[in-house]
Amino acid sequence: MGRLLVRAPGIVEPVELCPDYPVRTARLLLRPLSAADTDALLSYRSLAEVCRFVPFEPMTVAMVGSKLEDGWSRREITAEGEALTLGVELMETKQLIGDVMLHFQSAKHRGGEVGWIFNPNYSGRGYATEAVHAVLHLAFDQLGLHRVIARVDVRNEASLRLGARLGMRQEAHLISNEWFKGAWSDEIDLALLEDEWAAEHPSGLLSCSGPLAASSRTLR
């Protein structure tokens, strides 16, 4: 469970996010990554089509191993600047189909960022929306964030549609703001505020319209 100690603007106090793993949704299990996930991670993170709009090139075994040794195996957030990367596993088959990220950017401003990347073999079934929705529950309900953003390449139409399904608003269109993989690219900044999230979840999980499982282990 996460401890929320930051509520007033300008007051900086420690926060932590220690989820009860696995985080369950109707069809998925979200949990920390390990070396056992190397082959599954490579099955999509090594693909040029998957890496087209994200800030890294197709990954190798060595690159995945280095990430697993560094931050991908993290199980909790205890300080500003830390990020939690969770594998997304199909509950029925235990197959890893993607991973999602929550970055705690600022304690003072209670800000964070979410990101996602999925195996294209499992696209079109709502898995990414389901997983990121669960991460937003972690961000707002447990870490106590005020604002969560997602930064998306303007050409990444699938991720823009995903953000819209999650209720994220487009707040900025940064034109030709970054030299990205050999060309200037535009960035769309999406955002969601805690009061907007609360309006959609007035009774917490009991009023959640997302596909979260009614389980005692679900984002309590």
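Author: Contact means heavy atoms within 4.5 Å. Helices (H or I, at least four residues) and strands (E, at least two) are DSSP runs, numbered from the N terminus. This is a predicted model, in which local features need pLDDT of at least 70 and side-chain atom pairs count only at pLDDT 80 or more, while totals for chains, interfaces and linings use all residues. Residues are numbered from 1 along each chain as its sequence is written, and side-chain values use heavy atoms, with hydrogens and water left out.

Reader: Against which elements do the buried residues of H3 pack?

Author: Buried means under 20% relative accessible area, exposed over 50% and partly exposed in between (1.4 Å probe, protein chains only). In H3, Val 64, Leu 68 and Trp 72 are buried. Seen down the axis of H3, these residues fall within an arc of 60° (taken from the directions from the helix axis to the C-beta atoms), so they line one face of the helix. Their packing partners are helix H1 (38-45) and strand S3 (83-90).

Reader: Which exposed residues does the face of H3 turned away from its buried side carry?

Author: The buried side of H3 holds Val 64, Leu 68 and Trp 72. The face turned away from it carries Ala 62, Glu 69 and Asp 70.

Reader: Why is the pair of Phe 140 and Trp 197 classed as it is?

Author: Rings of Phe, Tyr and Trp (its six-membered ring) pair if their centres lie within 6.5 Å; planes under 30 degrees apart count as stacked, over 60 as edge-to-face and the rest as tilted. The structure holds 2 aromatic pairs. In this one the ring centres are 5.4 Å apart and the planes at 20°, so the pair of Phe 140 and Trp 197 is stacked.
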